[in-house]
Amino acid sequence: MKIHNYSAGPCILPQEVFDKSAQSILNFNNSNLSILEISHRSKDFVAVMDEARALALELLGLTGKGYQALFLAGGASLEFLMVPYNLMKVEGKASYLDTGTWASSAIKEAKHFGETIVVASSKEQNYNHIPKKYTIDIDSSYFHCTSNNTIFGTQMKSFPDTDIPVVCDMSSDIFSRVLDFSKFDLIYAGAQKNMGPAGTTLVVVKEEILGKSGRYIPSMLDYVNHIKAESMYNTPAVFPVYASLLTLQWLKNLGGIEAIEKINNDKANLLYAEIDRNSLFKGASVSEDRSVMNATFLLNDESHTQLFDEMWKKAGISGLTGHRSVGGYRASMYNALPIESVQVLVDVMKNFELKN
Ligand SMILES: *Cc1c(COP(=O)(O)O)cnc(C)c1O
């Protein structure tokens, strides 16, 4: 049976990425060696790393604009710490927008480095919206936000204009929509939401913001060291980087971010239209802030849970259960999820309505 994979992460990737990366484990580049057994300093792997770094910048429209792309370890969670380590000035401060669990985890780490100003928070409303009216302290070393709140299903549709560096956790919507990425000074994203398997994190950083914190930074946590070493300061996660490269190539062949954005919007519109039309369901987040990537929704009458769960599972849908902090359902519609899978879910919701 065909499975429709709505997993929030690690998540669905293009089939050709599974096929090609599987082949590379058996025989990489016709070398009769596995990608898992060659040196990361070999010509073949260095070429993978170089192309992955260049292609990430190219897709984001940042080539030749003073940015560097790195594939680091430690997940997006380590970036919560690396960002203040590298950017918050000694005795300085930083401003954060609190839009969800991940944003608040980033805030928690920053507090160890200096004054951490939370410019606005939607915590009191269980993060069902993105706060809009706030002022950013311009004496801050940087402003940090989370573009897409994976757990709560909200997404920033616009970003503040500010003269201080803007840092953004784009783990769950990088490469999914057109943005002016040059407005950001540092972008990071754990690969496993929209780019590749777990095990590597993409960091895109404008070089000119580095080296100004006045702190001693441990070698492995210093972006400057990783840039100097061309993202090979230590052994990189060779297989996750290769699989990420394959996903980026897939995206480029599809027409890049502009092309995938249209598809992503079609998928989200299809599902949200049904959530709004079907009287048995309601959306979990406010309409204007709804995420195109992660749609969160609830049953109006929870006593129907068992029946609905049976129906979607029978249709081959996987990974639809909501995060415990919201409950209900979460449909994660990352780049590689085909619109046919969304249609299957919408059909199940319609049939479920007929049965009630
Ligand atoms: C999943 C996620 C994280 C955590 O990523 P790890 O790679 O597991 O550390 C951070 N931020 C956002 C927005 C996420 O969706």
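A pocket here is an open set of points on a 1 Å grid over the protein atoms alone, where a 1.4 Å probe fits, with protein on both sides within 12 Å along at least five of seven lines; lining residues have an atom within 4 Å of a point. A volume is the space filled by probe spheres set on the points, which are joined across faces, edges and corners.

This is a predicted model, in which local features need pLDDT of at least 70 and side-chain atom pairs count only at pLDDT 80 or more, while totals for chains, interfaces and linings use all residues. Residues are numbered from 1 along each chain as its sequence is written, and side-chain values use heavy atoms, without hydrogens and water.

Pockets, then. The largest pocket holds about 270 Å³ of space. Its lining has 16 residues, with K132, Y134, S158, F159 and P160 nearest the centre. By class, eight of the lining residues are nonpolar, four polar and four charged (nonpolar is Ala, Val, Leu, Ile, Met, Phe, Trp, Tyr, Cys and Pro; charged is Asp, Glu, Lys and Arg; the others, Gly among them, are polar).

For the second largest pocket the figure is about 190 Å³. Among the residues that line this pocket are K2, H4, F18, P338 and S341. Two elements, β1 (4-5) and α1 (15-26), each give two or more residues to that lining; helices (H or I, at least four residues) and strands (E, at least two) are DSSP runs, numbered from the N terminus.

The largest nonpolar core has 55 residues, and F143, F175, L202 and V204 touch the most other members. Such a core is a set of buried Ala, Val, Leu, Ile, Met, Phe, Trp, Tyr and Cys residues joined through side-chain atoms within 4.5 Å. Apart from that core lies another, of 28 residues, including L280 and F308.

Now two single residues. L97 sits in strand β3 (residues 93-98). Why does L97 count as buried? Because its relative accessible area is 0%, and buried means under 20% (exposed is over 50%, partly exposed in between; 1.4 Å probe, protein chains only). Beyond neighbours within four places in sequence, L97 is in contact with residues including Y134 and F143, contact meaning heavy atoms within 4.5 Å.

N264 belongs to helix α7 (residues 256-277), and this residue is buried too, at 0% relative accessibility.
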